Amino acid sequence: MAKELRPFDNEDQRRHSFRKRRPTLFGMAHDLSEEFGAHVAVIAFSPAGEPHAFCAPTADSVLRTYLPAADGLLPNPTPHSPFPGSAAGVGAETAGEAAARVAGMRREVDETKAMVAEEWARVAAAREKVRAAQGAAQKQNWWEVDVEALGEEELPVFMRALEMFKAEVQERIDAMASARMSLPREKKRQ
């Protein structure tokens with residue numbers, strides 16, 4: 001059974017109870033924010049009239065998102081509400097708007113996956129052309145291939161491969177040079 005809450009007659013008891021319960025209230029608000037990613041704003045005024053607030057992520061973002069603007073303009077969008085509703089100037093996102101936004105993000109992910117797969121297929125085709133040119137020219141290494149034998153689509157892939165190869169060679173040279181410098185040098189015998 002719930003505890004019956006009633007106002008305290010004694011001012012000191014009221015202040016003491018407020019000081020004791022306020023952290024619990026703010027702790028619950030913090031838990032809601034952390035566990036569910038909820039936007040939370042709790043403002044409590046002490047018996048002496050002092051304001052105490054807990055807001056997550058920030059008071060400004062919560063107020064701009066969920067309260068109508070004083071000048072009648074729509075609130076600024078937040079990451080959770082990029083398209084504030086126009087009804088009464090409220091920026092809270094409805095479930096339908098959230099579902100539409102999530103569906104749009106999923107579409108973007110699918111399109112990006114398709115583009116990545118397409119790029120990998122293009123790179124694989126270019127790699128095969130480079131290997132075929134290498135075999136036809138009877139070259140031992142892929143970087144010795146005659147670029148004239150490559151087509152327009154293979155050249156950018158070939159150039160990226162050469163740049164990566166150059167960077168890898170430079171890393172090995174740097175590693176060898178630093179290893180040589182760290183070795184103690186023998187003194188010349190006279």
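Trainee: Which residues of helix 2 are buried?
Mentor: Ser61, Val62 and Thr65 are the buried residues of helix 2, which spans residues 59–66. Buried means under 20% relative accessible area, exposed is over 50%, and partly exposed is in between, with a 1.4 Å probe and protein chains only. Helices are DSSP runs of H or I with at least four residues, strands are runs of E with at least two, and both are numbered from the N terminus. This is a predicted model, so local features need pLDDT of at least 70 and side-chain atom pairs count only at pLDDT 80 or more, while totals for chains, interfaces and linings use all residues. Residues are numbered from 1 along each chain as its sequence is written, and side-chain values use heavy atoms, with hydrogens and water left out.

Trainee: How many bridges join strand 1 to strand 2?
Mentor: There are 6 bridges, and the two strands run antiparallel. Strands pair if DSSP finds at least two bridges between them.

Trainee: Switching topic. How many salt bridges are there?
Mentor: The count comes to 6 salt bridges. The rule wants a side-chain nitrogen of Lys or Arg within 4 Å of a carboxyl oxygen of Asp or Glu.

Trainee: Which residue does Arg15 pair with?
Mentor: Arg15 forms a salt bridge with Asp12, and the closest N and O atoms are 3.1 Å apart. Both are in helix 1 (residues 11–36), 3 residues apart, so about one helical turn separates them.

Trainee: Is Asp12 buried or exposed?
Mentor: Asp12 counts as exposed, at 51% relative accessibility. Arg15 is partly exposed, at 35%.

Trainee: Which residue does Arg122 bridge to?
Mentor: Arg122 forms a salt bridge with Glu119, with the closest N and O atoms 2.9 Å apart. Both lie in helix 3 (residues 95–136), 3 residues apart, about one turn of the helix. Arg122 is partly exposed at 26%, and Glu119 is partly exposed at 31%.

Trainee: Which residues make up the network of salt bridges?
Mentor: Glu119, Arg122 and Arg160 are linked in that network.

Trainee: And Lys129, which residue does it pair with?
Mentor: Lys129 forms a salt bridge with Glu154, the closest N and O atoms being 3.7 Å apart. That pair links distant parts of the chain, with Lys129 in helix 3 and Glu154 in helix 4 (residues 154–182), 25 residues apart.

Trainee: Is Glu154 buried or exposed?
Mentor: Glu154 counts as buried, at 8% relative accessibility. Lys129 is partly exposed, at 46%.

Trainee: Rings next. How many aromatic pairs are there?
Mentor: A search of the whole structure finds 5 aromatic pairs. One of them is Trp142 with Phe158, which is edge-to-face at 5.9 Å centre to centre and 90 degrees between the planes. Rings of Phe, Tyr and Trp (its six-membered ring) pair if their centres lie within 6.5 Å; planes under 30 degrees apart are stacked, over 60 edge-to-face, and the rest tilted.

Trainee: Where do Trp142 and Phe158 sit?
Mentor: Trp142 is in the loop between helix 3 and helix 4, and Phe158 is in helix 4, 16 residues apart. Trp142 is partly exposed at 26%, whereas Phe158 is buried at 4%.

Trainee: Why is the pair of Trp143 and Phe165 called stacked?
Mentor: Their ring centres are 4.4 Å apart and their planes are at 20 degrees, so the pair is stacked. Trp143 is in the loop between helix 3 and helix 4, and Phe165 is in helix 4, 22 residues apart.

Trainee: Which residues form the ring cluster?
Mentor: Trp142, Trp143, Phe158 and Phe165 are linked into a cluster by ring pairs.
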